[in-house]
Amino acid sequence: MTSGLSAVVWRVQCEGGFKHTADGPLVITPSKLVVEYGAKASANCSTNNTHNGMGWEATQGVIDMKKDVSFLTWTVERLTTWDIKPICFINLIGNEQKMESLSVTIYKLPNSLLVNGPPMPVMEGGTCSLRCDVKDVAPVQNLTVTWYKQHIIVNSTTFKESINTPVNKSIELIIEPRREDDGVMYWCEAKLELGPDGPPTMMSIPFRIEVHYKPMFSEDKETIEDVDEKITLNCSNSAKPPSQHIWEGPHLEKKEGSSSLSVSSPGNYICTASNRYGQAKKLFIVRFRNHGYTTLAIVVGSGLLLAVVLIITCIKLRKNRSGASANHNMTPSSSAQKDEGEELVSVTK
């Protein structure tokens, strides 16, 4: 470009930029260019007007003025100028000059995208901070950082700065972990909103959180009716790390150990589950089937059986005594038998 053209370019830039007109003497295709930093860039400039010269002015890929052409291609094999503004120009007959600028957006994907968090595990009921670190990304005004929790969007952040060169950004997410969140994955995604020609979304490595929590029962009281002889009580609960258990109940000293307990007596039994974060209690009310009446029936039945045995024994004794008395009265004495015998013999004779 001539020095006079450079002066014109400077004057127009200072006056507020170039005017783009769809029906002007110059047509640039594509009208906008989205290029990755360090990649090849190319655009065409054409005109139907008669002119004295045509060229491209740019900090990279300048094309000096050429005559007798209606089509010029601006090309850069490796685009590394962040604020480049290529301008296609023609010098019309009569020294009038027309210009059209090419909109170029240069982007750079992050060098790294990483989620940082507190040392695991975290405790239920508190708050903690996760941080998404985006390294060397451009342009930041087109950047959107999105937080995900198990494929569900929980937060999105955009930036108001207008900076074309690469910058670092850290986006914080405050969470309140619950026991249901144990093992949940968080990650962040960085996307440069540059239209269909823009780059793909970049995703960080998922960050898994581990949540610890005190014991909790699904219900604090359980009533067990109609127990026959023996039953096993279950003190299972939700706790991390696993809880320790202490049992209390009728005829039972405090017993530490298993989450289950076998009982054979009615009454109220209490299980206390605890870990380093707290404790919870559960009451078991155990009622055996007709337990009191069964005992009474056994006692009464035993008494009746004893009475029957005694009655039968008495009857037998009375019968034995009566039989002995009757036999004594019917048996004749020896003298009487003799006399009777003699009498019988005498009659026979």
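# Notebook: strands, rings and disulfides

The model I am reading is predicted.

**Entry 1: the sheet around β3.** I looked up how β3 and β6 run. Strand β3 covers residues 41-47 and pairs with β6 in the antiparallel sense, over six bridges. I then asked which strands make up the sheet. The order is β1-β3-β6, an open sheet of three strands with antiparallel pairing. β1 (26-29) and β6 (71-76) stand at the edges with a single partner strand each, so one side of each has no neighbour in the sheet. From one strand to the next, the twist averages 20 degrees.

Entry 2: I searched the whole structure for disulfides and noted three. One of them joins C45 and C88, with the sulfur atoms 1.8 Å apart. The link of C45 and C88 is left-handed, at -85 degrees about the S-S bond. C45 sits in strand β3 and C88 in strand β7 (residues 87-92), so I checked the spacing: they are 43 residues apart, and the pair links distant parts of the chain. I found both C45 and C88 buried.

**Entry 3: β13 and β14.** Next I read strand β13 (residues 143-149) against strand β14 (residues 152-158). They run antiparallel and are joined by six bridges. V145 stands opposite T157 in β14. The hairpin of β13 and β14 has two residues between the strands, and Q150 there takes a positive phi near 50 degrees.

**Entry 4: rings.** How many aromatic pairs are there? I noted four. In one of them Y148 and W187 are stacked, 5.7 Å centre to centre with 10 degrees between the planes. Y148 belongs to strand β13 and W187 to strand β16 (residues 185-192), 39 residues apart. Are these two buried or exposed? Y148 has a relative accessible area of 16%, which is under 20%, so Y148 counts as buried. W187 is buried as well, at 7%.

I then took the pair of W247 and F284. Their ring centres are 5.6 Å apart and the planes stand at 35 degrees, so this pair is tilted. W247 lies in strand β23 and F284 in strand β27, so the pair ties together parts 37 residues apart in sequence. Both W247 and F284 are buried.

Entry 5: I followed β23, β26 and β27. Strand β23 (residues 244-249) and strand β26 (residues 267-275) run antiparallel, joined by five bridges. H245 stands opposite A273 in β26. β26 also runs antiparallel to strand β27 (residues 278-288), with nine bridges. Y269 has F284 as its bridge partner in β27. I noted that β26 and β27 form a hairpin with two residues between them.

**Entry 6: the other disulfides.** C132 and C188 are joined with S to S at 2.1 Å. At 70 degrees about the S-S bond, this link of C132 and C188 is right-handed. C132 is in strand β12 (residues 128-137) and C188 in strand β16, 56 residues apart. C132 and C188 are buried.

C235 and C271 form a disulfide with sulfur atoms 1.8 Å apart. The torsion about their S-S bond is about -90 degrees, so the disulfide of C235 and C271 is left-handed. C235 lies in the loop between β21 (231-234) and β22 (238-240), and C271 in strand β26, 36 residues apart. Both C235 and C271 are buried.

Last, I checked the pairing order. With the bonded cysteines numbered in sequence order, the pairing is 1-2, 3-4, 5-6.

Note on methods. Residues are numbered from 1 along each chain as its sequence is written. This is a predicted model: local features need pLDDT of at least 70, side-chain atom pairs count only at pLDDT 80 or more; totals for chains, interfaces and linings use all residues. Side-chain values use heavy atoms; hydrogens and water are left out. Two strands pair if DSSP finds at least two bridges between them. Helices (H or I, at least four residues) and strands (E, at least two) are DSSP runs, numbered from the N terminus. Axes are lines fitted to C-alpha atoms, for helices over the stretch in contact, and angles run from 0 to 180 degrees between N-to-C directions. Rings of Phe, Tyr and Trp (its six-membered ring) pair if their centres lie within 6.5 Å; planes under 30 degrees apart count as stacked, over 60 as edge-to-face and the rest as tilted. Buried means under 20% relative accessible area, exposed over 50%, partly exposed in between (1.4 Å probe, protein chains only). A disulfide is a pair of cysteine sulfur atoms within 2.5 Å.
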